[in-house]
Amino acid sequence: MPEIDLVYVDMIRYVHLLSVAIGFGASFLADIHVLGRLGSEITDGTIETLHHYHKIVWTALILMWITGLLLIYVRTGFNLNNFSPKLFVKIGTVTLLTVNAILIGRLAMPMVEANVGNSLLDLPINKKVRAAMIGGVSTTSWLLALALGVSKFLAASDWPVLLAIVPACYLACLLGVTGGLTALQFRLSLRPLMFNTRRQNGPTDRSNTRNKQHGSLDERDVERNLYNAFAS
């Protein structure tokens with residue numbers, strides 16, 4: 001293993017962990033931004049904000065690759081025999097994050113840009129599934145990368161443990177996305193029924209209100225006529 005001053009190694013590790021935190025934070029804020037505006041009209045401001053977060057994620061990923069490769073060189077000299085199971089999983093996770101970031105730029109962002117003026121809820125179901133899966137894989141991968149960077153348990157784990165944990169994380173992501181989309185589609189399917197019910201009840205309610213008003217006016221007219229009759 002190359003001899004490098006521990007101060008420099010700590011600096012590289014610090015920048016590496018900081019880039020993971022920044023990337024996860026930007027990805028999380030982008031997801032919150034989208035989820036908070038699901039039913040709202042997509043505007044140019046929404047697109048600009050998402051592009052801003054996407055650039056931050058790309059910057060973080062580049063820093064993660066640079067500092068990560070430097071740390072791998074320091075610890076292993078790029079000798080595969082010195083690679084731990086955790087290191088292989090971490091490289092795979094960051095690779096998946098990079099591919100996912102490319103898919104966001106090539107698929108998700110153009111899909112959102114093409115629907116400016118409409119709501120994300122108006123997207124066809126196949127596009128909703130695509131966007132939700134990209135977002136779910138992104139969040140799961142960032143959480144996994146963060147856990148691999150700080151967990152002593154995962155650092156000491158062998159292949160059987162990691163091969164059980166990692167697929168379980170992505171399976172939970174798949175189930176969460178499927179359940180969320182199913183609930184969303186069910187709620188959207190109820191909207192026409194609720195609208196028709198309101199439209200049918202609305203005029204009736206207004207007619208009843210109008211009849212009550214007319215009824216009260218007629219009663220006052222009768223009372224006034226009776227009073228005039230007796231007064232005369």
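User: Is phenylalanine 78 buried, partly exposed or exposed?

Analyst: Buried means under 20% relative accessible area, exposed over 50%, and partly exposed in between, using a 1.4 Å probe and protein chains only. Phenylalanine 78 has a relative accessible area of 47%, so the residue is partly exposed. The model is a predicted one, in which local features need pLDDT of at least 70 and side-chain atom pairs count only at pLDDT 80 or more, while totals for chains, interfaces and linings use all residues. Residues are numbered from 1 along each chain as its sequence is written, and side-chain values use heavy atoms, with hydrogens and water left out.

User: Where does phenylalanine 78 lie, and what is its phi?

Analyst: Helices are DSSP runs of H or I with at least four residues, strands are runs of E with at least two, and both are numbered from the N terminus. Phenylalanine 78 lies in the loop between helix H2 (44-76) and H3. Its phi is near 65°, a positive value in a residue other than glycine.

User: Which helix holds threonine 95?

Analyst: Threonine 95 is in helix H3, residues 85-113. It counts as partly exposed because its relative accessibility is 34%. Its C-alpha atom is separated by 9.5 Å from that of leucine 61, 34 residues apart along the chain.

User: How many disulfides are there?

Analyst: A disulfide is a covalent bond between the sulfur atoms of two cysteines. The rule applied is a pair of cysteine sulfur atoms within 2.5 Å. The count by this rule is 0. For cysteine 169, the nearest cysteine sulfur is that of cysteine 173, 9.7 Å away. Cysteine 173 is likewise in no disulfide.

User: Are cysteine 169 and cysteine 173 buried or partly exposed?

Analyst: Cysteine 169, at 27% relative accessibility, counts as partly exposed. Cysteine 173 has a relative accessible area of 10%, so cysteine 173 is buried.
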